[in-house]
Amino acid sequence: MKEVVILSGKGGTGKTSIVGSFAALAQSKVLADCDVDAADLHLLLNPSIKEEIEFWSGEVAVIDDEECTQCGLCQDVCRFDAINDFKVDPISCEGCGFCSHICPVEAITMMESLSGHWFISDTKYGHLVYARLGIAQENSGKLVALVRQRAKQIAEREGLSYIISDGPPGIGCPVISSLSGANLALLVTEPTLSGIHDLERVLGVCYHFGVPALVCINKYDLNEDNTRQIESYCLSQGVEVAAKIPFDNAVTEAIVRGLPVVEYSQGRVSQEIESLWQHITCALDTRANKPNA
Amino acid sequence: MIISVASGKGGTGKTLVATSLALSLKERDNVQLLDCDVEEPNDHVFMKPAFTRSEAVSIPVPKVDEEKCTYCGKCAEVCAYNAIAVMKQKVLIFPELCHGCGACSYLCPEKAISEEEKEIGVVESGYSGGVGFVHGTLNIGEAMAPPIIRQVKEHASHEGTVIIDVSPGTSCPVVEAVKDSDFCLLVTEPTPFGLNDLVLAVETVRQLNIPCGIVLNRAGVGDGKTEEYCQKENIPVLLTIPLNTEIAGFYSRGIPLVEGMPQWKVSFLELSDKIREIVNERSSDTER
């Protein structure tokens with residue numbers, strides 16, 4: 001079993017459209033949506049939920065007014081400025097519990113909060129594990145780890161060959177949680193200066209965690225000078241550009257219809273994504289033999 | 001006045017809106033642009049600022065004096081993030097999990113734990129053509145953006161207009177960047193992905209009790225459901241930017257929209273007027 005995670009650094013470069021198409025093209029796989037903040041893959045795959053699981057995490061301090069003597073020690077020690085006038089601001093509280101340990105009258109308890117839900121579902125393309133982090137909640141990295149873990153269990157149980165994970169934008173906690181230990185990262189970029197800048201940073205994260213990477217330039221024909229710049233950058237880094245996908249309104253039209261683009265159009269976009277998936281399976285089956293975590 | 005620019009979904013045009021709003025407003029107000037997307041900051045690509053100051057951002061992580069340590073395990077017990085493990089004759093510290101709360105050092109009965117600063121990123125500040133500019137950059141391989149966002153926001157001026165560019169999503173980095181704003185602009189595109197993530201972003205700013213309005217980018221692509229949603233939820237659409245290859249071309253080359261197409265300045269000034277009106281109305285409502 002091999003795991004490929006699709007990342008981009010910059011948001012909105014086309015990760016989910018590409019993963020949705022891989023879902024339709026790949027045999028023997030399970031899908032994981034690791035963008036737990038703003039999951040969109042289910043909008044293309046129309047899942048029926050088989051199991052919904054609560055995600056309890058992220059404790060928050062609660063002060064018992066009756067017990068509190070207003071000594072102010074909790075306010076002094078809190079480094080997140082989460083306690084003011086002997087009230088806890090649950091949004092600023094990082095759940096460290098320092099205040100609950102030092103309160104001289106034990107007036108502070110830590111309460112676990114419901115931080116989101118995750119779902120195991122079936123789609124016409126196979127199983128999909130995805131999640132919805134509660135609004136303004138922390139611990140997205142933990143929820144990502146749960147989604148990946150369950151996808152792996154399903155793949156092992158059913159003897160499936162691939163885990164395809166749709167990753168979040170950025171390079172921080174949920175990205176690291178999506179990436180570490182994966183066999184391969186596909187980095188989707190676009191030919192804009194922002195896209196190039198963000199690609200360099202997310203590639204740095206792949207190096208840092210020892211995960212081999214392939215690059216896909218999406219909408220490459222929107223600025224061919226920038227595309228050449230990305231190609232020469234990738235060459236200098238020894239990273240292969242595995243696909244160049246042209247701009248086509250069909251991609252958005254497919255999203256509006258709730259379909260993977262390869263099921264909607266037979267145009268060049270779909271051909272490129274098909275050959276990209278071939279490329280990835282080759283890379284997974286040959287180069288990325290061992291997980292690098 | 002602090003205006004944050006957020007979106008839920010990535011790549012909808014936050015950077016385009018934040019930079020063009022700052023450049024349009026600078027002619028009539030003191031303007032500061034704070035790029036709080038510290039994982040992937042991009043505003044500097046467009047603003048090409050001259051930085052005058054650079055400061056490291058660090059969080060305090062524990063350091064154990066093994067001479068004093070009795071391996072009692074108290075530190076591991078109080079750490080909510082599993083950043084300390086105590087073995088028979090060894091204490092292991094995982095700095096990447098540490099949030100720097102300070103509980104372990106304070107509560108160590110032997111006073112064996114001190115704190116040392118661990119650098120996780122950098123904040124740079126300077127100017128770009130009359131706009132005050134600050135951005136933060138998270139070091140590669142580091143997980144925690146909020147401490148850097150907090151430090152960027154400490155530069156916020158109390159006068160004039162402060163524009164905050166926010167990272168995509170709805171979790172802690174977004175909350176950290178958006179909170180304390182007077183207004184939050186949500187940039188979206190009229191597709192099912194854009195709408196799905198917009199709904200989440202609206203719920204987030206409502207939870208923070210911040211008024212919001214919409215910038216509809218790439219209008220013409222997708223469907224009409226985003227506008228229906230805004231109407232139903234009574235969220236004003238304050239600016240519409242069409243899907244246009246000329247606009248996309250300037251963006252791809254790192255040229256702010258109002259510099260490439262100065263005719264857009266009027267629209268961004270109107271946008272800021274509408275925001276000011278909403279914020280003033282709201283503050284007079286609360287005074288009443």
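Biologist: How many residues does the contact take from chain B and from chain A?

Modeller: The contact takes 52 residues from chain B and 52 residues from chain A, two residues being in contact if their C-beta atoms, placed from the backbone, lie within 7 Å. On the side of chain B that touches chain A, α4, α6 (172-178), α7 and α9 (245-252) of chain B each supply at least two residues. Helices (H or I, at least four residues) and strands (E, at least two) are DSSP runs, numbered from the N terminus. The largest share of this side, 8 residues, comes from α7(B). By class, the side of chain B divides into 22 nonpolar, 22 polar and 8 charged residues; Ala, Val, Leu, Ile, Met, Phe, Trp, Tyr, Cys and Pro count as nonpolar, Asp, Glu, Lys and Arg as charged, and the others, Gly among them, as polar.

Biologist: What conventions apply to the model and its numbering?

Modeller: This is a predicted model, in which local features need pLDDT of at least 70 and side-chain atom pairs count only at pLDDT 80 or more, whereas totals for chains, interfaces and linings use all residues. Residues are numbered from 1 along each chain as its sequence is written, and chains are lettered from A and ligands numbered from 1 in the order in which they are written.

Biologist: Where is Tyr106(B) placed, and is Tyr106(B) buried, partly exposed or exposed?

Modeller: A residue is buried if 20 or more other C-beta atoms, placed from the backbone, lie within 10 Å of its own, exposed if 12 or fewer, and partly exposed in between. Tyr106(B) belongs to helix α4 (residues 103-107) of chain B. Because Tyr106(B) has 16 C-beta neighbours inside 10 Å, Tyr106(B) counts as partly exposed. Leaving aside neighbours within four places in sequence, Tyr106(B) is in contact with Val77(A) and Ile102(A). Within chain B, Tyr106(B) and Cys75(B) are 31 residues apart in sequence, with their C-alpha atoms 9.2 Å apart in space.

Biologist: What domains does the assignment give for chain B?

Modeller: Domain bounds come from an automatic or database domain assignment. For chain B, this assignment gives domain 1 (2-57 + 121-287) and domain 2 (66-111). The C-alpha centres of domain 1 and domain 2 of chain B lie 40 Å apart.

Biologist: How should I read the strand order of the sheet in chain B?

Modeller: Strands of a sheet pair through backbone hydrogen bonds, either parallel or antiparallel. Two strands pair here if DSSP finds at least two bridges between them. In chain B, 9 strands form an open sheet with mixed pairing, in the order β3-β6-β7-β2-β8-β1-β9-β10-β11. Its edge strands are β3 (50-64) and β11 (237-242) of chain B, each of which pairs on one side only. The twist averages 20 degrees from one strand to the next. Axes are lines fitted to C-alpha atoms, for helices over the stretch in contact, and angles run from 0 to 180 degrees between N-to-C directions.

Biologist: In what sense do β10(B) and β11(B) pair?

Modeller: Strand β10 (residues 212-219) of chain B and β11(B) pair in the parallel sense over 4 bridges. Leu216(B) stands opposite Thr240(B) in β11(B). Helix α5 (residues 146-153) of chain B packs on the sheet, touching β2 (31-35), β3, β6 (113-128) and β7 (131-138) of chain B, and its direction makes about 165 degrees with that of β7(B).

Biologist: At what angle do helices α7(B) and α8(B) pack?

Modeller: Helix α7 (residues 192-207) of chain B and helix α8 (residues 225-232) of chain B pack at about 25 degrees, with their axes 9 Å apart. The two helices are therefore roughly parallel to each other, since angles under 35 degrees count as roughly parallel, over 145 as roughly antiparallel, 65 to 115 as roughly perpendicular and the rest as oblique. Gly194(B), Leu195(B) and Leu198(B) in α7(B) meet Lys225(B), Thr226(B) and Tyr229(B) in α8(B). This contact has 3 nonpolar, 2 polar and 1 charged residues.

Biologist: How many helices and strands does chain A have?

Modeller: Chain A has 11 helices and 11 strands, and its C-alpha trace spans about 70 × 40 × 40 Å along its principal axes. Of the 293 residues in chain A, 56% are buried.
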